[in-house]
Amino acid sequence: MALILNILSPRRLGKLITNTRVRHHSSLTTELINNMDKKATWDRFYTENSKATNFKNFEWFFGFDAIRDFILPMLHSQPNSDALHVLDMGCGTSALGPCIYRYSPWPVQVTCADISAIAVRLMQEHTETKALQPQNTSSKLDFLELDCTHLHKHFGPESLDLILDKGTMDALLRSREGGAKASQVLKQCLKVLRDSGSLFQFSDEDPDARMLWLEKEGREPGVMVADVGVQEVGELRGVTYYCYQVTARPITQ
């Protein structure tokens, strides 16, 4: 199942139900489609995918190589003289965070956070086994069990330079009860970002729909508005992906 899901977005999970190769996982697939906002769903998902003999990183959409030219220039442009704090929000068992830690020539503090304790444990064990070495010796990497609707409980206001969302809010938006949670997560992201920081959201949703949602839900009357830009990442297996860059702009009274 992991090999098939590895190339799909949350929107396309439904197609798996009719795929004969995953019929024995149909209950898990149905649970994913309907309950992608639930911790128990992801605990079960990563438990199932960890049964293989050899660990393999699981990537929604694509891996680090597809978006390194978005991320590394962003880090280079940041004015912070200290280590840049990067959050991979809803990291699962993706190699995105570890790759930023490994390949950034500038000092970074990378936090990989996920609601699933199982995913966090798998990544901790994997990185310890691999003994990853950063390009910049001042860089740090850590893993954190965290419900992203509670960002404010772990990160203070204006404490992060870059937040990466590769499928997390998509999963919330496409689950039955996740719309309000996605809005909550977006607002919290904008509050914990520094003035020069950005949220990079990677999605296959068309800009006509996603940009309007980001602008609407990122707005807090009298406090801030969300400035949203978009670039096309490229096409993979017939699907076009986009990078939405979201920054908070305070409203001056």
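The strands here are E5 (residues 193-203) and E7 (residues 239-250), an antiparallel pair with five bridges; two strands pair if DSSP finds at least two bridges between them.

A quick word on the source. This is a predicted model, with local features needing pLDDT of at least 70 and side-chain atom pairs counting only at pLDDT 80 or more, while totals for chains, interfaces and linings use all residues. Residues are numbered from 1 along each chain as its sequence is written, and side-chain values use heavy atoms, leaving out hydrogens and water. As for names, helices (H or I, at least four residues) and strands (E, at least two) are DSSP runs numbered from the N terminus.

Now the whole sheet. It is open and mixed, with seven strands ordered E3-E2-E1-E4-E5-E7-E6. At the edges, pairing on one side only, are E3 (140-145) and E6 (224-236). From one strand to the next, the twist averages 20 degrees. Helix H9 (residues 207-217) lies across E5, E6 and E7, and runs at about 155 degrees to E6. Such angles run from 0 to 180 degrees between N-to-C directions, and axes are lines fitted to C-alpha atoms, for helices over the stretch in contact.

On to the helix pairs. Which angle do H4 and H5 make? Helix H4 (residues 64-77) packs against helix H5 (residues 96-103) at about 55 degrees, with the axes 11 Å apart. That makes H4 oblique to H5 (under 35 degrees is roughly parallel, over 145 roughly antiparallel, 65 to 115 roughly perpendicular, and the rest oblique). In contact (heavy atoms within 4.5 Å) are Phe-64, Ile-67, Arg-68, Ile-71 and Leu-75 from H4 with Leu-96, Cys-99, Ile-100 and Tyr-103 from H5.

The axes of H3 (residues 39-49) and H6 (residues 117-130) come within 7 Å, crossing at roughly 40 degrees, so this pair is oblique too. Here Lys-39, Asp-43, Tyr-46 and Thr-47 of H3 meet Ala-117, Ile-118, Ala-119 and Leu-122 of H6.

Last, the aromatics: the whole structure holds 14 aromatic pairs, meaning Phe, Tyr or Trp rings (for Trp, the six-membered ring) with centres within 6.5 Å. One of them is Trp-42 with Trp-60, edge-to-face at 6.0 Å centre to centre and 90 degrees between the planes (under 30 is stacked, over 60 edge-to-face, the rest tilted). Trp-42 lies in H3 and Trp-60 in the loop between H3 and H4, so the pair ties together parts 18 residues apart in sequence. Thanks, everyone!
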